[in-house]
Amino acid sequence: MSFIDNLISNTIRSDVRAIDAYHVPDSSGFIKLDAMENPYVLPAPLRAELGKKLADAMLNRYPDASYATLKAAIRANLGVPAGYDVLLGNGSDELISIMAMACARQDRRAVVMAPTPAFVMFARSAQFAGMDFVGVPLKADFSLDRAAMLAAIAEHKPALLFLAYPNNPTGNLYDADDMVAIIEALGETGLAIVDEAYEPFAQSSFMGRLAEFPNLVVMRTLSKLGLAGIRLGYMSAAPALLEQFEKVRPPYNVNVLTHTAAEFALAHVAVLNEQAAALRAARAQLAAQLAALAGVEVFPSAANFLLIRVPNSDEVCAKLHARKVLVKNMGKMHGVLSNCIRVTVSTPEENSVFFDAITASLA
(Lines give C-alpha, C1' and ligand atoms only; values in the text may rest on other atoms or scores of the structure.)
Protein backbone atom coordinates (compact mmCIF):
# COMPACT_ATOMS: atom_id res chain seq x y z
CA MET A 1 0.00 0.00 0.00
CA SER A 2 1.14 3.55 -0.69
CA PHE A 3 1.73 6.24 1.92
CA ILE A 4 -1.60 7.91 1.14
CA ASP A 5 -3.46 4.58 1.30
CA ASN A 6 -2.00 3.87 4.72
CA LEU A 7 -2.71 7.41 5.83
CA ILE A 8 -6.37 7.12 4.86
CA SER A 9 -6.64 3.69 6.45
CA ASN A 10 -5.19 4.99 9.71
CA THR A 11 -7.23 8.19 9.92
CA ILE A 12 -10.56 7.87 8.09
CA ARG A 13 -13.34 5.82 9.66
CA SER A 14 -13.89 2.42 8.04
CA ASP A 15 -17.63 3.03 7.52
CA VAL A 16 -16.87 6.27 5.67
CA ARG A 17 -14.23 4.56 3.52
CA ALA A 18 -16.77 1.88 2.61
CA ILE A 19 -19.40 4.18 1.08
CA ASP A 20 -19.53 6.31 -2.04
CA ALA A 21 -19.89 10.07 -2.01
CA TYR A 22 -23.32 11.54 -2.76
CA HIS A 23 -23.39 11.54 -6.54
CA VAL A 24 -24.89 14.34 -8.61
CA PRO A 25 -24.81 13.51 -12.34
CA ASP A 26 -23.59 16.03 -14.89
CA SER A 27 -26.64 17.69 -16.42
CA SER A 28 -24.92 19.75 -19.12
CA GLY A 29 -27.03 19.68 -22.29
CA PHE A 30 -29.87 17.77 -20.63
CA ILE A 31 -33.44 18.64 -19.74
CA LYS A 32 -32.93 18.29 -16.00
CA LEU A 33 -35.87 16.54 -14.37
CA ASP A 34 -34.06 14.60 -11.65
CA ALA A 35 -33.67 17.08 -8.76
CA MET A 36 -37.15 18.46 -8.02
CA GLU A 37 -36.22 22.06 -8.81
CA ASN A 38 -38.62 24.86 -9.69
CA PRO A 39 -37.98 25.46 -13.41
CA TYR A 40 -39.14 29.08 -13.27
CA VAL A 41 -36.94 32.09 -12.55
CA LEU A 42 -38.00 35.43 -11.10
CA PRO A 43 -39.40 37.94 -13.63
CA ALA A 44 -36.75 40.11 -15.29
CA PRO A 45 -37.56 43.33 -13.37
CA LEU A 46 -37.24 41.49 -10.05
CA ARG A 47 -33.97 39.88 -11.14
CA ALA A 48 -32.58 43.30 -12.02
CA GLU A 49 -33.62 44.69 -8.64
CA LEU A 50 -32.15 41.68 -6.84
CA GLY A 51 -28.90 42.10 -8.77
CA LYS A 52 -28.49 45.62 -7.37
CA LYS A 53 -29.11 44.40 -3.83
CA LEU A 54 -26.57 41.61 -4.21
CA ALA A 55 -24.04 44.07 -5.63
CA ASP A 56 -24.45 46.21 -2.51
CA ALA A 57 -24.06 43.29 -0.11
CA MET A 58 -21.17 43.68 2.34
CA LEU A 59 -19.07 40.73 1.25
CA ASN A 60 -16.12 41.91 3.33
CA ARG A 61 -18.10 41.46 6.55
CA TYR A 62 -19.41 38.38 8.28
CA PRO A 63 -23.17 37.91 8.14
CA ASP A 64 -25.42 39.26 10.86
CA ALA A 65 -25.02 36.46 13.40
CA SER A 66 -28.60 36.74 14.63
CA TYR A 67 -30.21 36.71 11.16
CA ALA A 68 -32.98 38.69 12.84
CA THR A 69 -34.47 40.34 9.75
CA LEU A 70 -34.39 37.14 7.69
CA LYS A 71 -36.01 35.15 10.49
CA ALA A 72 -38.68 37.82 10.79
CA ALA A 73 -39.40 37.58 7.06
CA ILE A 74 -39.73 33.80 7.29
CA ARG A 75 -42.06 34.02 10.29
CA ALA A 76 -44.19 36.66 8.57
CA ASN A 77 -44.51 34.94 5.19
CA LEU A 78 -44.24 31.19 5.70
CA GLY A 79 -46.80 30.30 8.34
CA VAL A 80 -44.70 29.98 11.48
CA PRO A 81 -47.06 30.21 14.49
CA ALA A 82 -46.96 33.23 16.79
CA GLY A 83 -44.51 32.74 19.63
CA TYR A 84 -42.27 30.39 17.63
CA ASP A 85 -38.90 31.21 16.08
CA VAL A 86 -36.87 29.48 13.38
CA LEU A 87 -33.35 28.10 13.15
CA LEU A 88 -31.62 28.53 9.79
CA GLY A 89 -29.39 26.09 7.95
CA ASN A 90 -27.43 25.71 4.74
CA GLY A 91 -30.32 23.77 3.22
CA SER A 92 -32.25 21.03 5.00
CA ASP A 93 -29.14 18.84 4.93
CA GLU A 94 -27.39 20.99 7.53
CA LEU A 95 -30.47 21.08 9.75
CA ILE A 96 -30.60 17.27 9.74
CA SER A 97 -26.90 17.15 10.64
CA ILE A 98 -27.37 19.70 13.44
CA MET A 99 -30.12 17.62 15.01
CA ALA A 100 -28.13 14.40 14.66
CA MET A 101 -25.03 15.96 16.24
CA ALA A 102 -27.09 17.37 19.10
CA CYS A 103 -28.77 14.02 19.83
CA ALA A 104 -25.84 11.63 19.33
CA ARG A 105 -24.71 10.15 22.64
CA GLN A 106 -21.21 9.48 23.95
CA ASP A 107 -22.37 6.93 26.53
CA ARG A 108 -24.39 4.72 24.13
CA ARG A 109 -25.57 4.47 20.53
CA ALA A 110 -28.61 6.65 19.95
CA VAL A 111 -31.08 5.83 17.19
CA VAL A 112 -32.49 7.72 14.22
CA MET A 113 -35.62 6.22 12.69
CA ALA A 114 -37.62 6.84 9.52
CA PRO A 115 -40.04 5.01 7.28
CA THR A 116 -38.22 3.68 4.23
CA PRO A 117 -37.72 4.46 1.41
CA ALA A 118 -36.91 7.99 2.54
CA PHE A 119 -34.54 10.90 1.91
CA VAL A 120 -31.05 9.42 1.92
CA MET A 121 -29.62 12.10 4.25
CA PHE A 122 -31.68 10.86 7.20
CA ALA A 123 -29.59 7.69 7.29
CA ARG A 124 -26.32 9.32 6.23
CA SER A 125 -26.49 12.05 8.86
CA ALA A 126 -27.19 9.42 11.50
CA GLN A 127 -24.16 7.44 10.37
CA PHE A 128 -21.83 10.43 10.29
CA ALA A 129 -22.94 11.50 13.78
CA GLY A 130 -22.25 8.01 15.14
CA MET A 131 -25.91 7.06 15.55
CA ASP A 132 -27.73 3.92 14.45
CA PHE A 133 -30.35 4.18 11.73
CA VAL A 134 -33.48 2.04 11.82
CA GLY A 135 -35.67 2.04 8.73
CA VAL A 136 -39.25 0.77 8.94
CA PRO A 137 -40.54 -0.30 5.51
CA LEU A 138 -43.61 1.39 4.09
CA LYS A 139 -46.53 -0.70 2.91
CA ALA A 140 -46.75 -1.60 -0.77
CA ASP A 141 -49.02 1.42 -1.37
CA PHE A 142 -46.37 3.67 0.28
CA SER A 143 -48.52 4.33 3.36
CA LEU A 144 -47.12 4.17 6.87
CA ASP A 145 -47.13 0.77 8.54
CA ARG A 146 -48.50 2.20 11.77
CA ALA A 147 -48.25 -1.02 13.77
CA ALA A 148 -44.66 -1.65 12.65
CA MET A 149 -43.67 1.95 13.39
CA LEU A 150 -45.12 1.82 16.91
CA ALA A 151 -43.44 -1.53 17.57
CA ALA A 152 -40.10 -0.17 16.35
CA ILE A 153 -40.45 2.91 18.57
CA ALA A 154 -41.11 0.71 21.59
CA GLU A 155 -38.11 -1.49 20.77
CA HIS A 156 -35.50 1.07 19.71
CA LYS A 157 -36.61 4.27 21.50
CA PRO A 158 -35.32 6.60 18.78
CA ALA A 159 -33.98 10.01 19.71
CA LEU A 160 -34.99 11.35 16.27
CA LEU A 161 -37.77 10.11 14.00
CA PHE A 162 -38.14 11.68 10.56
CA LEU A 163 -41.48 11.81 8.73
CA ALA A 164 -41.30 13.44 5.31
CA TYR A 165 -44.63 15.11 4.50
CA PRO A 166 -44.99 14.50 1.56
CA ASN A 167 -42.40 11.78 1.28
CA ASN A 168 -39.46 11.71 -1.09
CA PRO A 169 -39.24 9.64 -3.27
CA THR A 170 -42.83 8.35 -3.15
CA GLY A 171 -44.57 11.75 -3.28
CA ASN A 172 -47.50 10.82 -1.04
CA LEU A 173 -48.80 12.45 2.12
CA TYR A 174 -48.90 10.08 5.08
CA ASP A 175 -52.16 9.73 6.99
CA ALA A 176 -52.20 12.53 9.58
CA ASP A 177 -53.74 10.31 12.27
CA ASP A 178 -50.94 7.76 11.81
CA MET A 179 -48.41 10.56 12.19
CA VAL A 180 -50.04 11.84 15.36
CA ALA A 181 -49.99 8.34 16.85
CA ILE A 182 -46.26 8.11 16.09
CA ILE A 183 -45.52 11.55 17.53
CA GLU A 184 -47.43 10.70 20.70
CA ALA A 185 -45.72 7.30 21.01
CA LEU A 186 -42.31 8.99 21.13
CA GLY A 187 -43.38 10.88 24.25
CA GLU A 188 -40.58 12.49 26.23
CA THR A 189 -37.85 10.24 24.84
CA GLY A 190 -37.80 11.21 21.16
CA LEU A 191 -38.26 14.07 18.72
CA ALA A 192 -40.54 13.81 15.70
CA ILE A 193 -39.18 15.80 12.76
CA VAL A 194 -41.77 16.45 10.05
CA ASP A 195 -39.83 17.31 6.89
CA GLU A 196 -42.01 19.61 4.79
CA ALA A 197 -39.60 20.31 1.94
CA TYR A 198 -42.46 20.05 -0.57
CA GLU A 199 -45.06 21.99 1.43
CA PRO A 200 -45.67 24.57 -1.37
CA PHE A 201 -47.01 21.73 -3.51
CA ALA A 202 -48.79 19.77 -0.77
CA GLN A 203 -50.82 22.60 0.75
CA SER A 204 -50.85 20.59 3.97
CA SER A 205 -48.68 21.14 7.03
CA PHE A 206 -47.99 20.32 10.65
CA MET A 207 -46.46 23.76 11.26
CA GLY A 208 -49.68 25.03 12.83
CA ARG A 209 -49.71 22.09 15.25
CA LEU A 210 -46.41 22.82 16.99
CA ALA A 211 -48.17 23.88 20.18
CA GLU A 212 -49.99 20.52 20.36
CA PHE A 213 -46.81 18.46 20.47
CA PRO A 214 -43.79 19.67 22.50
CA ASN A 215 -41.61 17.00 20.83
CA LEU A 216 -42.48 18.12 17.28
CA VAL A 217 -40.00 19.83 14.94
CA VAL A 218 -41.15 21.09 11.53
CA MET A 219 -38.40 21.47 8.96
CA ARG A 220 -38.65 23.15 5.55
CA THR A 221 -36.47 24.50 2.77
CA LEU A 222 -36.73 27.30 0.23
CA SER A 223 -35.17 25.04 -2.41
CA LYS A 224 -38.37 23.59 -3.83
CA LEU A 225 -40.16 26.93 -3.72
CA GLY A 226 -37.73 28.22 -6.33
CA LEU A 227 -34.54 29.13 -4.47
CA ALA A 228 -32.50 25.93 -4.64
CA GLY A 229 -29.41 27.88 -5.61
CA ILE A 230 -29.18 29.87 -2.39
CA ARG A 231 -29.34 26.81 -0.06
CA LEU A 232 -31.56 27.93 2.81
CA GLY A 233 -33.45 25.65 5.16
CA TYR A 234 -35.35 26.51 8.31
CA MET A 235 -37.01 24.67 11.14
CA SER A 236 -39.28 25.56 14.02
CA ALA A 237 -39.94 23.89 17.34
CA ALA A 238 -40.53 24.69 20.99
CA PRO A 239 -38.24 27.61 21.92
CA ALA A 240 -36.39 25.52 24.51
CA LEU A 241 -35.58 22.91 21.85
CA LEU A 242 -34.35 25.48 19.34
CA GLU A 243 -32.10 26.91 22.05
CA GLN A 244 -30.32 23.56 22.33
CA PHE A 245 -29.91 23.15 18.58
CA GLU A 246 -28.54 26.70 18.31
CA LYS A 247 -25.56 25.53 20.38
CA VAL A 248 -24.62 23.09 17.62
CA ARG A 249 -25.32 25.35 14.63
CA PRO A 250 -22.06 26.71 13.17
CA PRO A 251 -21.74 30.50 13.46
CA TYR A 252 -22.36 32.42 10.23
CA ASN A 253 -23.70 29.29 8.53
CA VAL A 254 -25.93 31.34 6.20
CA ASN A 255 -23.90 33.61 3.95
CA VAL A 256 -24.56 37.24 3.11
CA LEU A 257 -25.68 36.59 -0.47
CA THR A 258 -28.16 33.94 0.66
CA HIS A 259 -29.46 36.26 3.38
CA THR A 260 -29.95 39.10 0.90
CA ALA A 261 -31.55 36.95 -1.81
CA ALA A 262 -33.90 35.19 0.62
CA GLU A 263 -35.17 38.43 2.16
CA PHE A 264 -35.79 39.86 -1.28
CA ALA A 265 -37.60 36.75 -2.50
CA LEU A 266 -39.80 36.62 0.59
CA ALA A 267 -40.79 40.24 -0.03
CA HIS A 268 -42.11 38.96 -3.37
CA VAL A 269 -43.31 35.55 -2.17
CA ALA A 270 -46.57 35.94 -4.13
CA VAL A 271 -44.58 35.37 -7.33
CA LEU A 272 -43.14 32.13 -5.96
CA ASN A 273 -46.57 31.02 -4.79
CA GLU A 274 -47.95 31.61 -8.30
CA GLN A 275 -45.19 29.44 -9.73
CA ALA A 276 -46.02 26.68 -7.22
CA ALA A 277 -49.69 26.86 -8.24
CA ALA A 278 -48.73 26.51 -11.90
CA LEU A 279 -46.63 23.44 -11.07
CA ARG A 280 -49.49 21.88 -9.11
CA ALA A 281 -51.74 22.26 -12.15
CA ALA A 282 -49.03 20.87 -14.43
CA ARG A 283 -48.58 17.91 -12.08
CA ALA A 284 -52.21 16.90 -12.51
CA GLN A 285 -52.03 17.26 -16.29
CA LEU A 286 -48.79 15.29 -16.65
CA ALA A 287 -50.04 12.56 -14.30
CA ALA A 288 -53.17 12.10 -16.42
CA GLN A 289 -51.13 11.92 -19.63
CA LEU A 290 -48.74 9.34 -18.20
CA ALA A 291 -51.53 7.23 -16.74
CA ALA A 292 -52.95 6.83 -20.23
CA LEU A 293 -49.75 5.16 -21.47
CA ALA A 294 -49.77 1.37 -21.62
CA GLY A 295 -47.48 -0.19 -19.02
CA VAL A 296 -47.18 2.95 -16.87
CA GLU A 297 -48.45 3.19 -13.30
CA VAL A 298 -48.61 6.70 -11.83
CA PHE A 299 -48.63 7.10 -8.06
CA PRO A 300 -50.47 9.95 -6.31
CA SER A 301 -48.18 12.90 -5.56
CA ALA A 302 -48.44 15.93 -3.32
CA ALA A 303 -44.94 17.08 -4.29
CA ASN A 304 -43.45 18.72 -7.39
CA PHE A 305 -42.52 15.36 -8.87
CA LEU A 306 -44.21 12.18 -10.01
CA LEU A 307 -43.21 8.62 -9.20
CA ILE A 308 -44.12 6.22 -11.97
CA ARG A 309 -43.61 2.50 -12.52
CA VAL A 310 -42.60 1.23 -15.96
CA PRO A 311 -41.90 -2.29 -17.27
CA ASN A 312 -38.10 -1.83 -17.04
CA SER A 313 -36.75 1.29 -15.34
CA ASP A 314 -33.11 0.66 -16.35
CA GLU A 315 -34.03 0.41 -20.02
CA VAL A 316 -36.39 3.39 -19.99
CA CYS A 317 -33.91 5.63 -18.13
CA ALA A 318 -31.16 4.70 -20.58
CA LYS A 319 -33.38 5.61 -23.52
CA LEU A 320 -34.42 8.89 -21.87
CA HIS A 321 -30.75 9.65 -21.22
CA ALA A 322 -29.98 9.06 -24.89
CA ARG A 323 -32.68 11.62 -25.68
CA LYS A 324 -31.02 14.11 -23.30
CA VAL A 325 -33.72 13.87 -20.62
CA LEU A 326 -32.42 13.35 -17.09
CA VAL A 327 -34.71 11.62 -14.56
CA LYS A 328 -34.04 9.58 -11.43
CA ASN A 329 -34.04 5.80 -11.59
CA MET A 330 -35.39 4.62 -8.21
CA GLY A 331 -35.69 0.94 -9.15
CA LYS A 332 -32.83 -0.31 -6.98
CA MET A 333 -33.30 2.01 -4.00
CA HIS A 334 -35.88 -0.14 -2.20
CA GLY A 335 -38.00 -3.19 -2.89
CA VAL A 336 -41.27 -1.26 -3.04
CA LEU A 337 -39.77 0.96 -5.76
CA SER A 338 -39.07 -1.82 -8.24
CA ASN A 339 -38.95 -0.38 -11.80
CA CYS A 340 -39.90 3.08 -10.56
CA ILE A 341 -38.78 6.42 -12.02
CA ARG A 342 -39.05 9.83 -10.37
CA VAL A 343 -39.53 12.84 -12.63
CA THR A 344 -39.72 16.51 -11.73
CA VAL A 345 -42.82 18.39 -12.90
CA SER A 346 -41.57 21.27 -15.03
CA THR A 347 -42.69 23.85 -17.57
CA PRO A 348 -45.26 22.91 -20.22
CA GLU A 349 -42.46 22.79 -22.80
CA GLU A 350 -40.21 20.48 -20.77
CA ASN A 351 -43.13 18.31 -19.67
CA SER A 352 -44.04 17.89 -23.34
CA VAL A 353 -40.49 16.91 -24.27
CA PHE A 354 -40.42 14.39 -21.41
CA PHE A 355 -43.78 12.92 -22.37
CA ASP A 356 -42.73 12.48 -25.99
CA ALA A 357 -39.42 10.96 -24.91
CA ILE A 358 -40.92 8.45 -22.50
CA THR A 359 -43.61 7.53 -25.04
CA ALA A 360 -40.85 6.74 -27.55
CA SER A 361 -38.82 4.93 -24.86
CA LEU A 362 -41.73 2.64 -24.05
CA ALA A 363 -42.49 1.82 -27.68
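How do strand 9 and strand 10 (residues 305-309) pair, in the parallel or the antiparallel sense, and over how many bridges?

Modeller: Keep in mind that this is a predicted model. Strand 9 and strand 10 pair in the antiparallel sense, and two bridges join them. Find Val298 first: Ile308 in strand 10 stands opposite Val298.

Now widen the view. Four strands make up an open sheet here, in the order 9-10-13-12. Their pairing is antiparallel. Look at the two ends of that order. Strand 9 (297-298) and strand 12 (328-329) are the edges. Each has a single partner strand, so one side of each has no neighbour in the sheet. In general, strands of a sheet pair through backbone hydrogen bonds, and the sense is either parallel or antiparallel.

Strand 7 (residues 216-221) gives a second look at pairing. Strand 6 (residues 191-195) pairs with strand 7 in the parallel sense, over four bridges. Here Ile193 stands opposite Val217 in strand 7. Strand 8 (residues 233-236) runs antiparallel to strand 7, and four bridges join the two. There, Arg220 has Tyr234 of strand 8 as its bridge partner.

How covered is strand 7? Six of its six residues are buried. Take the faces one by one. Leu216, Val218 and Arg220 are buried on one side. Val217, Met219 and Thr221 are buried on the other. Those two lists follow a simple rule: in a regular strand the side chains alternate between the two faces of the sheet.

Next, see what touches this region. Ser92 lies in helix 5 (residues 91-103). Ser92 counts as buried because its relative accessible area is 9%, and the cut-off for buried is under 20%. Setting aside neighbours within four places in sequence, Ser92 is in contact with Met219, Arg220 and Thr221, and also with Arg231 and Gly233.

Now turn to the rings. The whole structure holds six aromatic pairs. One of them joins Phe119 and Phe122. The centres are 5.6 Å apart and the planes stand at 85 degrees, an edge-to-face pair. Phe122 also pairs with Phe162. Their centres are 4.4 Å apart and their planes are at 10 degrees, so this pair is stacked. Phe122 sits in helix 6 (residues 120-129) and Phe162 in strand 5 (residues 160-164), so the pair ties together parts 40 residues apart in sequence. Ring pairs link Phe119, Phe122 and Phe162 into a cluster.

Finish at the surface. A nonpolar patch is formed there by Phe3, Ile4, Leu7, Ile8, Ile12, Val16 and Phe128. Together they have about 620 Å² of accessible area. Helix 1 (residues 3-11) gives the largest share of the patch, four residues. Ile4 lies in helix 1. Its relative accessible area is 46%. Ile4 is therefore partly exposed, because that class runs between the 20% limit for buried and the 50% limit for exposed.

Key. Residues are numbered from 1 along each chain as its sequence is written. This is a predicted model: local features need pLDDT of at least 70, side-chain atom pairs count only at pLDDT 80 or more; totals for chains, interfaces and linings use all residues. Side-chain values use heavy atoms; hydrogens and water are left out. Patches are made of residues with over 30% relative accessible area and no salt bridge: like charges are joined within 9 Å, nonpolar side chains (Val, Leu, Ile, Met, Phe, Trp, Tyr) within 5 Å. Accessible areas come from the Shrake-Rupley method with a 1.4 Å probe; for residues, only the protein chains shown count as cover. A salt bridge is a side-chain nitrogen of Lys or Arg within 4 Å of a carboxyl oxygen of Asp or Glu. Buried means under 20% relative accessible area, exposed over 50%, partly exposed in between (1.4 Å probe, protein chains only). Contact means heavy atoms within 4.5 Å. Two strands pair if DSSP finds at least two bridges between them. Rings of Phe, Tyr and Trp (its six-membered ring) pair if their centres lie within 6.5 Å; planes under 30 degrees apart count as stacked, over 60 as edge-to-face and the rest as tilted.
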